[in-house]
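Morning, everyone. Let me put the structure up, and then I'll walk you through one chain.

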Amino acid sequence: MGKSGGHVTNEIRKLRFHQDEMTQQELADRVGVTRQTINAIEGNKYSPSLEVAFRIARVFDVPLEQVFQYGEE
Amino acid sequence: MSMSFQEKSLWLMFIGLVGGFGFYFVRVLPSSTAQFMPYQVVFFVLAVVMLVVTQVVGHIIIALFDRSANTDERDRLIELKGTRNGAYVLATGVFLALCVALVTESNFIFTHVLLGFWVLAQLVEIGSQLFFYRWGA
């Protein structure tokens, strides 16, 4: 999604699976966003703000880099 | 991916604008006159009433089936981007309407250039938001 040649990817789908198949709605409720936003983040259609990114990492109790990665194209 | 309350609301507004002002332009533009006529104002009022009624009834129906009207940072970003795109079109329309006002004495043409671009700006704003919701902001 970035404009400088890089793009943000994430491991949210895998992390949800390892949390007893946590639903998108459950994650959305705990993060404080809508389910559609979690869906867009998971599908790499939207890069969340730092605040939301940290909140997602906190829900899974992992470091931010384990949830989001920045790759050069 | 299912549609959020915001997306349904935007689709309703888009359809209402196309229907309401489509009806108005189809009825009024073919009978172009030099000055705005009273019967044309009636069509304008009808178009606005149609728009308001469809919005009120439509939103009640949407709210009955979808109560998750909460918004977050992505909704706000999409709204801002849509508003920006619509503003470009509206600014272009205002400039063109002023040009028209300089070269013609017809308030019919001036009014309809302005109104046409306002409707177009709204459609671009809403269309942009629908695009961003589907294909990423």
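**Chain B, helix by helix**

Start with contacts in chain B between residues at least 6 apart in sequence: 84% of them join residues at least 24 apart. Two residues are in contact if their C-beta atoms, placed from the backbone, lie within 7 Å.

Some ground rules. This is a predicted model, where local features need pLDDT of at least 70, side-chain atom pairs count only at pLDDT 80 or more, and totals for chains, interfaces and linings use all residues. Residues are numbered from 1 along each chain as its sequence is written, while chains are lettered from A and ligands numbered from 1 in the order in which they are written.

Now the layout. Chain B has four helices and zero strands. Along the sequence, the pattern reads α-α-α-α. Helices here are DSSP runs of H or I, at least four residues, and strands are runs of E, at least two; both are numbered from the N terminus. The C-alpha atoms of chain B fill a box of roughly 50 × 30 × 15 Å along the principal axes. Of the 137 residues in chain B, 22% are buried. Buried means 20 or more other C-beta atoms within 10 Å of the residue's own, with C-beta atoms placed from the backbone.

Next, helix packing. At what angle do H1(B) and H2(B) pack? H1, residues 5-28, and H2, residues 38-65, of chain B pack at about 160°, and their axes are 9 Å apart. Axes are lines fitted to C-alpha atoms over the stretch in contact, and angles run from 0 to 180 degrees between N-to-C directions. H1(B) and H2(B) are therefore roughly antiparallel, a label for angles over 145 degrees. Their contact has 14 nonpolar, nine polar and two charged residues. Nonpolar covers Ala, Val, Leu, Ile, Met, Phe, Trp, Tyr, Cys and Pro; charged covers Asp, Glu, Lys and Arg; the others, Gly among them, count as polar.

Then the second pair. H1(B) and H4, residues 107-135 of chain B, pack at about 150°, with axes 10 Å apart. So H1(B) is roughly antiparallel to H4(B) as well. The residues in contact include Trp11(B), Phe14(B) and Phe21(B) from H1(B), and Leu123(B), Ile126(B) and Tyr133(B) from H4(B). By class, this contact has eleven nonpolar, three polar and one charged.

Last, the partner chain. Nine residues of chain B are in contact with eleven of chain A. The chain B side has three nonpolar, three polar and three charged residues.

Methods. Parallel < 35°, antiparallel > 145°, perpendicular 65-115°, else oblique. Buried ≥ 20, exposed ≤ 12 C-beta atoms within 10 Å, placed from the backbone.
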